[in-house]
Amino acid sequence: MSAPRATASATLLVLATVTLSAGLLSFPLAELATGGEDAIEITRVAEAEYDETPDAPVFIAVVGTDERPGVGGARADAFHVLGINPALGRGTILNIPRDTVVDIPGSGRDKINTTNTFGGAQLVADTVRAFVGVDVRYVVVTNFEGFVNLIDAVGGVTVEVPVPIHDQASGADFDPGAVHMDGAQALSLARARKPFANGDFTRTAHQALLLLSALRQMQAQNPGPAETLRLMAILLTHVETHNLGIRDIYGLARLATRLDPAQVSSVTMPGATAAEGGASVVVPTADATGVFTDFADNAIVGG
Amino acid sequence: MARAARALACCPALSSRLAALFHKLRAADPRILVGAAAAVVAAGVGLAFLAGGVLGLRGPGTTTTAPRALQVVVTERVVHSPGGQFGELPADVENGVVSTIAGYVRAASIDAVRPPEDGEDQAAAPPGPEDFFTPAAGARLAGTDADALTDAALPEAKAVSADRAAVTLTALATGSGVELVTATLDLRLRAVLDDDEVIVERRGDLVLVPTEAGWRIAGYHVTVTRTLASEATTTTADAAFDGVGP
C-alpha cells in the first residue's frame, strides 16, 4: 500500500462506507492471496422515480457477494439498505439477513441473496422496493476481494468489538475492545457466524458495525472538499461505476461527511428462522412491518 | 435605521457617549449639530456592521477606486485522477476557474459596496454574484448564506482594494477531462468607509463544476471575518453547501 493510500482513510470510506459492510464471505482466508479484479461496483439505478429535492432521504443498497476468482454465480451474503436523511443529519442501516425469503419481482419467492445473481443492481433495487418500500437510488456491490482491498487502501478500520469473537471458519479472532483491522481481519469479522446462536442475525449486525466504524473514522478526519477529491481518485481506482457521474460520487461523499455516526443507527430486520422448501430461511416477523414503514417514511427507524 | 438602532442598543456604553456628545452640541452652531448627527449615524452604521452586517444604508457617493481588474493568484495546482495519470491542470480549465472566481469576488465584494463610477452606464448592470454560481447554489445567496458569501450588507465604501486574492486549485480528472475543481480561497479586502476601514478576510473552499456557460460555483465551505479597524472588533459568518451530487 502506498503512502497516499495509507493516509487516505477519510472520504474514500465515505463512499465506501457504503461499500464496506459488504464484506461477507464464506471463503477460506487463503484465498485472500489470490489475484483478480477489484470488484466493487456502484450503480445508479436508472428507472426509479426519485424525489430529487436536495434534502430528500437517499436509500442505498449495499450488497456483499461471495464471488471470488474462478467462481461465478455470486450470491449476496451481506445485504443492507442504508437510509440517509440529509435534512436531519441522521440515518439508519437496515440489516437484512441473507437468508430472508422475499418475493423477487419476476422471479417468484426466493432468498434475497439471489437477487444480485439473477438480475444485478436493478433487481436488487426492485426487490428492496417491493419488500421494504423504499426507492433505492444506488446499489453498491462488492465481492470479497474488493472489500479487502478497499479496507487496506484506506489504512484499515478501527472497530469496537462488542463481544469475544473466535471463529476458525472465518478466521475471526478478536477480544472485546477497540481493534484496528486490516482488510483481511475486517473480512473475518464480517464473515463470522458460527460462534453465535443466532448467527445470521449477529453477523449482519457486525457488518453494520463495520460500516459505522468506517463512517466514524472518516468523520474524525473531517475531510474538506479538496481532500474529498483526492480520496475520490483513490476510490475510483478500485470501483467500477454504472450510470453514475463524478458529481454523484462527490455528492455521496459529502453527504457521508455530514452524517454524525452517533446519529446513524443499526437496525436488524425483525425476523425468525424457519424451514421452507427444505431450506433454512429467515422470515420477517410482524414487527418488521413497522420498521419498514418508519424507514420508508424518513430513513429513521424509531424516534 | 432600525438596524442601526439595534446596533447602538447592543453597545450601550458607546451609545450613551454619542448621545452625550449630541446633547452638548444641541445649542451650538447648526452646522456642528449636523456634523454631530452625521457622526452618530456613521457610528450607527459601523456598529450595525459589527452587530451582524446586514445594513441597507449607503453613505454619500464618493470617488471609488475599486479594482475592476481583480488579479487572482493561483498559488498551487493539484490534479487527482484515478491511477494518477492525468498530468497537469489544463490552462483552459485554470483560466476558466480563475475567471469565475475573480468575477464572483468582484461582484460580491467590490461592486456590491462601491457607488457607481462617473459615467458608468447604469442600464448596463454588472454581473451579480449569482451569475457565477449554479442555479441551486446561487439561490442561496438570497438566503441565510448571503452574509458569508457577499459583502453587500457593508456600508458603501469610498475605495476597495485587494490585499490578497489567492487560490489553491485542486482538480479531479477522469478520462473525460477535469470534472470537478475545488478552489481553496484566501482573500483579504480592504474597504475604506467614510470614517473607518473594514478588513474582510474570506477563506474556505469553493467547488466548481463545468457548465455550458463555463465554470460555475456549485458548492462552498466559506468563513468570512470582518474587522472594523477603529474598534478592532471582528464579526464572522460561515456557510457550507455541497451542492453537487444526488
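Predicted model: local features only at pLDDT ≥ 70, side-chain atom pairs only at ≥ 80, totals over all residues.
**View 1. Overall make-up of chain B.** Chain B contains 6 helices and 6 strands. Read from the N terminus, the order of its elements is α-α-α-β-α-α-α-β-β-β-β-β. The chain has 246 residues, and 46% of them are buried. Take the contacts in chain B between residues at least 6 apart in sequence: 66% of these join residues at least 24 apart.

View 2. A:Thr115 belongs to helix 3 of chain A, which spans residues 115-131. Is A:Thr115 buried or exposed? Its relative accessible area is 0%. The cut-off for buried is under 20%, so A:Thr115 counts as buried. Leaving aside residues up to four places away in sequence, A:Thr115 touches A:Phe79, A:Ile104, A:Gly120, A:Leu123, A:Val124 and A:Thr127.

**View 3. The seven-stranded sheet of chain A.** This open sheet has 7 strands in the order 12-1-7-2-3-4-13, and its pairing is mixed. Strand 12 (239-242) and strand 13 (264-268) of chain A form the edges, each pairing on one side only. On average, neighbouring strands of the sheet are turned by 20° against each other, direction ignored. Strands of a sheet pair through backbone hydrogen bonds, in either the parallel or the antiparallel sense.

**View 4. Strands 4 and 13 of chain A.** In which sense do strand 4 and strand 13 of chain A pair? The pairing is parallel and runs over 5 bridges. Strand 4 of chain A covers residues 90-95. A:Asn95 stands opposite A:Thr268, a residue of strand 13 of chain A. Strand 13 is an edge strand of the sheet.

**View 5. The interface of chain A and chain B.** How many residues of each chain are in contact across the interface? The contact involves 19 residues of chain A and 22 residues of chain B. Interface size is often given as the accessible area lost when the parts come together. Between chain A and chain B, the buried area is about 1,700 Å². Carbon and sulfur atoms give 72% of this buried area.

View 6. A:Leu229, A:Ile246 and A:Arg247 together supply 36% of the area that chain A buries against chain B. The rule for salt bridges finds 0 across the interface of chain A and chain B.

Notes. Residues numbered from 1 in each chain as written. Chains lettered and ligands numbered in written order. Heavy atoms only, no water. Helix = DSSP H or I, 4+ residues; strand = E, 2+ residues; numbered from the N terminus. Buried < 20%, exposed > 50% of the residue type's maximum accessible area, 1.4 Å probe, protein only. Contact = heavy atoms within 4.5 Å. Pairing = 2+ DSSP bridges. Axes fitted to C-alpha atoms, helices over the stretch in contact; angles between N-to-C directions. Buried area = accessible area lost by both parts, 1.4 Å probe. Salt bridge = Lys/Arg side-chain N within 4 Å of Asp/Glu carboxyl O.
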